[in-house]
Amino acid sequence: MANSGLQLLGFVLALLGLIAHLTATILPQWRVSSFADGSIITAQSFYMGLWMDCVWQSTGQLQCKVYDSMLSLGAYLQATRALMVISIVLGVMGIGIATMGMKCTHCGDDNKTTKARIAMTGGIVFLVAGLCSLVACSWSANQIVQDFYNAYSPVNKKYEIGPSIFLGWAGAALSLIGGGLLSCSCPEGGSGYKNRQYPAPMPIAKPPSSREYV
């Protein structure tokens, strides 16, 4: 069974991963306009996120507009939205479950085996949340790379991977590591050396005394 320090470390890492997922989902820098062609001089930078697109002026002004229709967006963008939202929801659920199962808390059952199973369940939830975020960010990055190297894409419409995707990857790594540490809280089974029960020794029959034959 994992000690409380290992559980606390896993909980903190998973919590940081949840914050990273939430921040990456809100920020619009999933796609950032590319300046690969040095001959292009522009005073604007374009950002595209999961919920809005923004234009940054050279004067420091930032203007954002929320997408008018969700159905008009690409399939990968809708899937990325869904996966990131699922990752955040699972992260919140994992925080609640892991809090009840950690040794340093007094929530839920006081049985050590039951609390270990609850903490392990929270770790598994964090693992699934990290996988959802990893798939979403990797899928979005792959789509950006394909569009960038597409010969039919205009030069002024090419985008590169934005900071939000890197933040999502970092959150996925933290959630996977934290969930893995919490998943080490396996309950002690009854097959251990200390908990092994041996049958009581059979009584040894004593030989009859010589007096019984007198």
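Me: Is Arg31 buried or exposed?
Reply: This is a predicted model, where local features need pLDDT of at least 70, side-chain atom pairs count only at pLDDT 80 or more, and totals for chains, interfaces and linings use all residues. Residues are numbered from 1 along each chain as its sequence is written, and side-chain values use heavy atoms, leaving out hydrogens and water. Arg31 has a relative accessible area of 10%, and under 20% is buried, over 50% exposed, in between partly exposed (1.4 Å probe, protein chains only). So Arg31 counts as buried.

Me: Which residue forms a salt bridge with Arg31?
Reply: A salt bridge puts a side-chain nitrogen of Lys or Arg within 4 Å of a carboxyl oxygen of Asp or Glu. For Arg31, the closest N and O atoms are 2.8 Å apart, and the partner is Asp147.

Me: How many residues apart in sequence are the parts that this pair ties together?
Reply: Asp147 is partly exposed, at 26% relative accessible area. Arg31 sits in strand E1 (residues 31-33) and Asp147 in helix H3 (residues 112-148), so the parts they tie together are separated in sequence by 116 residues. Strands (at least two residues) and helices (H or I, at least four) are DSSP runs, numbered from the N terminus. Back to the pair: the separation is 116 residues.

Me: What is the N to O distance between Lys65 and Asp68?
Reply: Lys65 is partly exposed at 49% relative accessibility, while Asp68 is exposed at 69%. Their side chains meet in a salt bridge, with an N to O distance of 3.6 Å.

Me: How many salt bridges does the count come to?
Reply: Arg31 pairs with Asp147, and Lys65 pairs with Asp68. The count comes to two.

Me: In which helix is Ile19?
Reply: Ile19 is partly exposed, with 45% relative accessible area. Its place is in residues 4-26, which is helix H1.
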